[in-house]
Amino acid sequence: MKKAGFPLIAVLLLSVVAAGCMGGSGDSGMKEETLVIFHAGSLSVPFQQLEEEFAKYAEENLGVKVTFQDEASGSVAAVRKVTDLGKKGDIVAVADYTLIPQLMMPNFTDFYVIFATNEIVIAFTDHSRYADEMKAHPERWYEILARDDVSFGFSDPNQDPCGYRSVMVMKLADYYYNEPVFETLVEKNTNIYFNGSLIVAPKEIQVKGDRVVIRPKETDLTALVESGSLDYFFIYKSVAEQHNLSYITFPDEINLRDFKMADYYSKVSIHIGSTGKTITAKPIVYGVTVPKDAPNRELALEFLKYLLGENGKRIFRENHQDFIWPPVAFGNVPAEIKDEVRVEG
């Protein structure tokens with residue numbers, strides 16, 4: 001009996017030890033979480049770096065292994081994923097902060113933070129038609145784009161702030177140059193029009209002819225220019241820098257960069273068919289929030305804290321985008337991020 005019992009006990013002990021070892025190798029106390037991030041296409045490059053660095057930080061400091069479900073789109077589309085489509089996101093980051101108070105508050109979130117700025121430029125490559133002339137005489141940009149053998153693009157105003165900002169830039173150019181820039185470049189090539197007081201972007205944008213290309217988000221046009229199938233496109237300066245594209249800048253009266261020109265910009269407004277909202281031109285400011293029903297709200301706030309602190313500032317500057325320092329928060333600001341922001345209202 002004793003001889004029969006020993007192997008049985010040994011087997012039981014070995015089973016327990018084996019189970020413990022298996023549990024130890026598969027469960028070291030490290031939680032695994034996924035953050036769902038809806039963000040503007042123009043944030044793709046800095047957010048990729050931000051996510052990579054935060055994942056290391058979270059593993060080393062929070063005991064969490066983080067993966068990301070990262071969805072880049074036009075900012076209007078990013079917001080509507082939450083407000084219209086009922087998708088659950090942990091972070092919503094947009095290229096026009098006003099979309100958050102306009103479309104998400106108070107039902108979907110109760111705070112937002114402004115954290116970065118940008119400006120509109122025209123980007124191209126050395127293979128673009130008249131590239132040398134564009135570099136030598138950037139003030140002729142609207143004459144070059146108007147030529148019959150030149151193609152140019154901008155993103156869809158219904159989905160993307162860069163799209164409605166590009167259209168606003170062309171209308172502001174009317175006033176600055178005292179030339180019919182908007183009519184020549186926009187009205188002759190699309191069904192977007194000026195009704196005497198504001199620009200109207202119909203819900204379904206139509207293009208006349210083949211000289212103008214419109215895509216859902218501004219970064220969709222980057223590959224077309226890089227491949228040579230599109231000559232020029234309106235884009236954020238940071239994106240042009242990140243992709244090593246040539247670009248020309250606009251005067252401050254047009255580029256939507258200068259906060260001192262806010263009153264001048266406000267002469268132009270656009271009605272967006274997809275949302276029914278009217279947006280007045282203003283300096284470009286990015287915004288971010290955590291929705292009320294974020295699946296991983298606690299971790300999302302940790303990510304937001306990382307974005308809004310010294311690491312976020314460094315990452316954005318490394319990627320050629322100006323960071324607002326300190327970031328400014330509005331609404332019912334969570335305690336977790338208050339040390340990283342200046343609270344206003």
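Me: Which domains is the chain divided into?

Reply: Domain 1 covers 32-117 + 285-343, and domain 2 covers 120-280. These bounds come from an automatic or database domain assignment. The model is predicted: local features need pLDDT of at least 70, side-chain atom pairs count only at pLDDT 80 or more, and totals for chains, interfaces and linings use all residues. Residues are numbered from 1 along each chain as its sequence is written, and side-chain values use heavy atoms, with hydrogens and water left out.

Me: How many Å separate the domain centres?

Reply: The centres of domain 1 and domain 2 are 27 Å apart, taken over C-alpha atoms. The contact takes 22 residues from domain 1 and 21 residues from domain 2. Contact here means heavy atoms within 4.5 Å.

Me: What area do they bury?

Reply: About 1,600 Å² between them, with 58% of it on carbon and sulfur atoms. Buried area is the accessible area (1.4 Å probe) that two parts lose on being put together, summed over both.

Me: How many salt bridges cross that interface?

Reply: The rule finds one across the interface of domain 1 and domain 2. A salt bridge is a side-chain nitrogen of Lys or Arg within 4 Å of a carboxyl oxygen of Asp or Glu.

Me: And how many residue pairs in polar contact?

Reply: Seven across the interface, both residues at pLDDT 80 or more. A polar contact is a pair of N or O atoms within 3.5 Å; within protein, one must be able to donate a hydrogen and the other to accept it, and residues adjacent in sequence count only if both atoms are side-chain atoms.

Me: Which element gives the most to domain 1's side?

Reply: H3 does, with four residues on the side of domain 1 that touches domain 2. Helices (H or I, at least four residues) and strands (E, at least two) are DSSP runs, numbered from the N terminus.

Me: Let's look at H3. Is Ser 75 buried or exposed?

Reply: Ser 75 is buried, at a relative accessible area of 0%. Buried means under 20% relative accessible area, exposed over 50%, partly exposed in between (1.4 Å probe, protein chains only). Ser 75 lies in helix H3, residues 75-83. Leaving aside neighbours within four places in sequence, its contacts include Ala 40, Asp 96 and Gln 159.

Me: Where is Gly 89?

Reply: In the loop between H3 and strand E3 (91-94). Gly 89 is buried too, with a relative accessible area of 0%. Gly 89 and Pro 295 are 206 residues apart in sequence, yet 7.0 Å apart in space, C-alpha to C-alpha.

Me: Back to salt bridges. How many in the whole structure?

Reply: A search finds 18. One of them joins the side chains of Arg 165 and Asp 96, at 3.9 Å, N to O. Another joins Arg 80 and Asp 84, at 2.8 Å. Arg 80 is partly exposed at 27%, and Asp 84 is partly exposed at 47%.

Me: What about Glu 310 and Lys 313?

Reply: Their side chains meet in a salt bridge at 3.4 Å, N to O. Both lie in helix H14 (residues 310-318), three residues apart, about one turn of the helix. Glu 310 is exposed at 51%, whereas Lys 313 counts as buried at 13%.

Me: Which residues are linked in a network?

Reply: Glu 119, Lys 237, Asp 252 and Arg 257 are linked in a network of salt bridges.
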